[in-house]
Amino acid sequence: MEPTQLLGPFILFLLMLIVGLQLTPADFRRVLARPRTVVVGTLGQLILLPLMTWAVITLLGLSPIFGAGAVILAASPGAGMSNVMVAVAGAHVALSVTLTAVSSVLAVFTLPMLTALGMEVFIGDASEVEIPLGYLMSQMAMFLLLPITAGMSVRAWLGEGVRRFIPWINRIAVVAIVVLTVASMSGGQTTLPAGGDLVRALLASTLWTLAAMGIGWGLAALLDLDEDDRFAFLIEFSARNIALAFIVAISSLERRDLAFFGGVYARTGYPLAVAISVIRGRRASARGRARESSGGVDRDVDR
């Protein structure tokens, strides 16, 4: 195994532990008190992302294989790293974690259906898709339930005093996600197209990411959610589970070419989501310091 394959899961576990440090049970109670937000956010990913994917691929005239691979990525649930991005950005972390968990559980049923539909639409082959259930469940346990619960337990033990260290903790998280992003960009798990095909692929993945962000933000705006909730939607819609998309394409369907879009997305769309999260987090920190220096107080965490 490559060093990044060993180091990556360890870093991700620590990052999710950091996410847990910024959460309390009350945060999740507030989310569950507004089930409409979770329902609409989940359905929006399942319905609007595949439709947008078809529109982008058709608009740019990309190959059917590339289109089918793009649908696999769109049908994949949100990535665990989306929760870290939302935490670094200072947005609504509990909402992000909830959306990731729900979409990951539903992926057992929705990913095969949407992938088969995408295969039928783009290449006329509605292949049967076998979902790696064990992988999904282990991801849920190792990178959501276990580290987040541990982080919340540490916060409950240390008390609210841990909030003083969150800015420094998030700086460490920024460095870690940049390292992981660069490693994934340089390593890659699939051969990419070349020449003009690569240029169109890069354009498509960037456009796809921006469109996914727009759909997430716009849907949250229609729900009249606040800015922190809207940013959580923006990241959840655009940061997909690349590893799961690769497994479905290469292991389940045994088609390496169906992983092309995921490979390009790992080098364009994913870093774009990371960059936007870091920029928002820095601006949020600057506003917080400005309020403190002017004698103001932070707004209540209750949404």
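**Note on a predicted all-helix model**

1. At 6% relative accessibility, Arg155 counts as buried, the cut-off for that class being under 20%. The residue belongs to helix H7, which covers residues 133-158. The model is a predicted one. Setting aside neighbours within four places in sequence, Arg155 has contacts with Leu21, Gln22, Leu23 and Thr24, and also with Glu160, Val162, Arg163 and Ile166.

2. On the overall fold: the protein has 13 helices and zero strands. Read from the N terminus, the order of elements is therefore α-α-α-α-α-α-α-α-α-α-α-α-α. Of its 303 residues, 49% count as buried. Among contacts between residues at least 6 apart in sequence, 83% join residues at least 24 apart. The accessible surface is about 13800 Å², and carbon and sulfur atoms account for 68% of that surface.

3. Helix H5 is mostly covered, with nine of its nine residues buried. These are Met81, Ser82, Asn83, Val84, Met85, Val86, Ala87, Val88 and Ala89. The residue that follows H5 is Gly90, and its phi is positive, near 75 degrees.

4. His92 sits in the loop between helix H5 (81-89) and helix H6 (93-123). Is His92 buried or exposed? Its relative accessibility is 3%, so His92 counts as buried. In sequence His92 and Val31 are 61 residues apart, while their C-alpha atoms are 9.5 Å apart in space.

5. Aromatic pairs: a search of the whole structure finds five. One of them is Phe66 with Phe261, an edge-to-face pair with 5.2 Å centre to centre and 75 degrees between the planes. This pair links distant parts of the chain, since Phe66 is in helix H4 (residues 64-75) and Phe261 is in helix H12 (residues 260-267), 195 residues apart. Both Phe66 and Phe261 are buried.

6. Another aromatic pair is formed by Phe233 and Phe237: the ring centres are 5.9 Å apart and the planes stand at 20 degrees, so the pair is stacked. The assignment follows because planes under 30 degrees apart count as stacked. Both residues, Phe233 and Phe237, lie in helix H10 (residues 227-238), four residues apart, about one turn of the helix. Phe233 and Phe237 are both buried.

7. Ring pairs also build a cluster, which joins Phe66, Trp208, Phe261, Tyr265 and Tyr270. The edge-to-face pair of Phe66 and Phe261 thus has both its residues in this cluster.

8. A charged side chain over a ring: Arg280 lies over the face of Phe231, at 5.0 Å from the ring centre.

9. Which residues form a nonpolar patch on the surface? They are Val39, Leu43, Ile47, Leu48 and Leu51, and together they have about 430 Å² of accessible area. Val39 is found in helix H3, residues 35-60. With a relative accessible area of 46%, Val39 is partly exposed, because that class lies between the 20% limit for buried and the 50% limit for exposed.

Conventions:
Residues are numbered from 1 along each chain as its sequence is written. This is a predicted model: local features need pLDDT of at least 70, side-chain atom pairs count only at pLDDT 80 or more; totals for chains, interfaces and linings use all residues. Side-chain values use heavy atoms; hydrogens and water are left out. Rings of Phe, Tyr and Trp (its six-membered ring) pair if their centres lie within 6.5 Å; planes under 30 degrees apart count as stacked, over 60 as edge-to-face and the rest as tilted. Helices (H or I, at least four residues) and strands (E, at least two) are DSSP runs, numbered from the N terminus. Buried means under 20% relative accessible area, exposed over 50%, partly exposed in between (1.4 Å probe, protein chains only). A charge sits over a ring if NZ of Lys or CZ of Arg is within 6 Å of the ring centre and within 35 degrees of the ring normal. Patches are made of residues with over 30% relative accessible area and no salt bridge: like charges are joined within 9 Å, nonpolar side chains (Val, Leu, Ile, Met, Phe, Trp, Tyr) within 5 Å. Accessible areas come from the Shrake-Rupley method with a 1.4 Å probe; for residues, only the protein chains shown count as cover. A salt bridge is a side-chain nitrogen of Lys or Arg within 4 Å of a carboxyl oxygen of Asp or Glu. Contact means heavy atoms within 4.5 Å.
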